[in-house]
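Two packed helices are described by the angle between their axes and the distance between the axes.

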Amino acid sequence: DRKSIVLFLMVLAGIFLGLFTLKDVQSTFGSSQFLTLVGFAIISMGAEHTKFAKRVAYTFLKKWGKTPTLIILALGVATAVISAFVSNTVAALIVAGIAASILKEMGEKPGESALGKSAMMVLPIFAMLGGSVLMSGANMNLLGIGALETATDGAYTISYARWALIGLPTCIILIIPIWWIYVKITKADKIKTNVDLSSVTAKLEELGPWSAQETRWVITCVLTVGLLISGVLKVQVAALLGAVIAMFPVIGSVNAQKAMKELPYQLLFMVGLGGLIGDILTNCGIGSYAVSGMFSWASGMPVIIFMMIIALIYTFFNTIFPNAAAGLIVAYIALLAPMVMGMGLNPAFVLTPVCFLSSNHHAMGMNVSSVITYDYGYWKMKDCVLPGIITEVVITVVYVLLCYILFPLTGMSMTI
């Protein structure tokens, strides 16, 4: 399509203009983050190609959906769980469809229902939180880490285990506060509608018993995550091994031909271009020049305050330009990493919160996951601004605090 053609032309233009060489392109598109993304993308398809995702959503609804507000919580938690293993967009798409059918059965009308408004607006936020639990949970996570590695010539990165150490507790800590914020602002807590879960039970029965294909996919995920957390294999090797197992005849759960057709090639090109852009910004010295003036005041500032400020600045720009997130994360880290190292600080320590926040852009209601739920008609763009801004700030603060507190416990030094 047109986007793919534009991406090809950008690569060719960069070569002809001398911004990078063909060797640079080959190196970037064979980088660890590029290969890792390919592997994780294939593994995540198992949730789409099996009944796993729907089974998770309906199970949470059956267990927790006793009241209207608990239905919102159940849908949100289900989205977070699914999003830990598939892309944020796919998780929002699956659960939004289930939410829409339940709301229709309850007689909730689009444009009039506080329950529908709250449920549909909160799903993208829970998708973002779930996608940040594991490094493999969202493509933007890998893009951010790749930008960090590129900006530091591979000297600094963050391990899969350290990422999970921050991502999992952050998700758990924020589930109830975010649910409460949306329920209160939309006044969904005032709803007294009776809840009939018979349709949910019927949907679960339609899915049938747990299948062998689902079991194989779960085993593949557990094996891959185990290898990643243990550090037995490099991240890209573990991801590609998991992808091979997922597609392997008999023991796999993903059709290889379908997997090759469904790979997010546009995003893969963005990862490759991100690495090239990061190289340009780092090597030409524009990063050091730009931040020397913008952040000259940071010298001598307490590290926690500095981390909080740069994270909040990033969240602001990420909110204003939600559909430029891929380019923004690459440029921001490429610009800041030289200065952070110049201050004698560990860029992995200081900039990892920014990597976590790469998908934290829902206040404007224009990111892909939000647009998916918007199309059901339960909320308007203006509805998501206030709760969106509040939750974005809360999410930013929590990520920074947990990185600052927990990283030293893993042996990561704040300084270089």
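This is a predicted model: local features need pLDDT of at least 70, side-chain atom pairs count only at pLDDT 80 or more; totals for chains, interfaces and linings use all residues.

## Helices α9 and α20

The crossing in which α9 passes α20 is right-handed. Helix α9 covers residues 160–185 and helix α20 covers residues 385–406, and their axes come within 10 Å while crossing at roughly 155°. Angles over 145 degrees count as roughly antiparallel, and α9 and α20 are therefore roughly antiparallel to each other.

On the α9 side the contact involves Leu165, Ile166, Pro169, Thr170, Ile173, Leu174, Ile178, Ile181, Tyr182 and Ile185, which meet Leu386, Pro387, Gly388, Ile390, Thr391, Val394, Ile395, Val398, Tyr399, Leu402, Cys403 and Leu406 of α20. Sorted by class, this contact of α9 with α20 has 19 nonpolar residues and three polar ones, with no charged residues.

## Helices α5 and α6

The second pair consists of helix α5, residues 68–83, and helix α6, residues 88–105, whose axes come within 9 Å and cross at roughly 150°. With that angle, α5 and α6 are therefore roughly antiparallel to each other, and the crossing of α5 and α6 is right-handed.

From α5, the residues that make the contact are Leu75, Thr79, Ile82 and Ser83, while α6 contributes Asn88, Ala91, Ala92, Val95 and Ala99. In terms of class, the contact of α5 with α6 has six nonpolar and three polar residues, and no charged residues.

Definitions and conventions:
Residues are numbered from 1 along each chain as its sequence is written. Side-chain values use heavy atoms; hydrogens and water are left out. Axes are lines fitted to C-alpha atoms, for helices over the stretch in contact, and angles run from 0 to 180 degrees between N-to-C directions. Helices (H or I, at least four residues) and strands (E, at least two) are DSSP runs, numbered from the N terminus. Angles under 35 degrees count as roughly parallel, over 145 as roughly antiparallel, 65 to 115 as roughly perpendicular and the rest as oblique. A crossing is left-handed if the near helix is turned anticlockwise from the far one by less than a right angle, and right-handed if clockwise. Contact means heavy atoms within 4.5 Å. Ala, Val, Leu, Ile, Met, Phe, Trp, Tyr, Cys and Pro count as nonpolar, Asp, Glu, Lys and Arg as charged, and the others, Gly among them, as polar.
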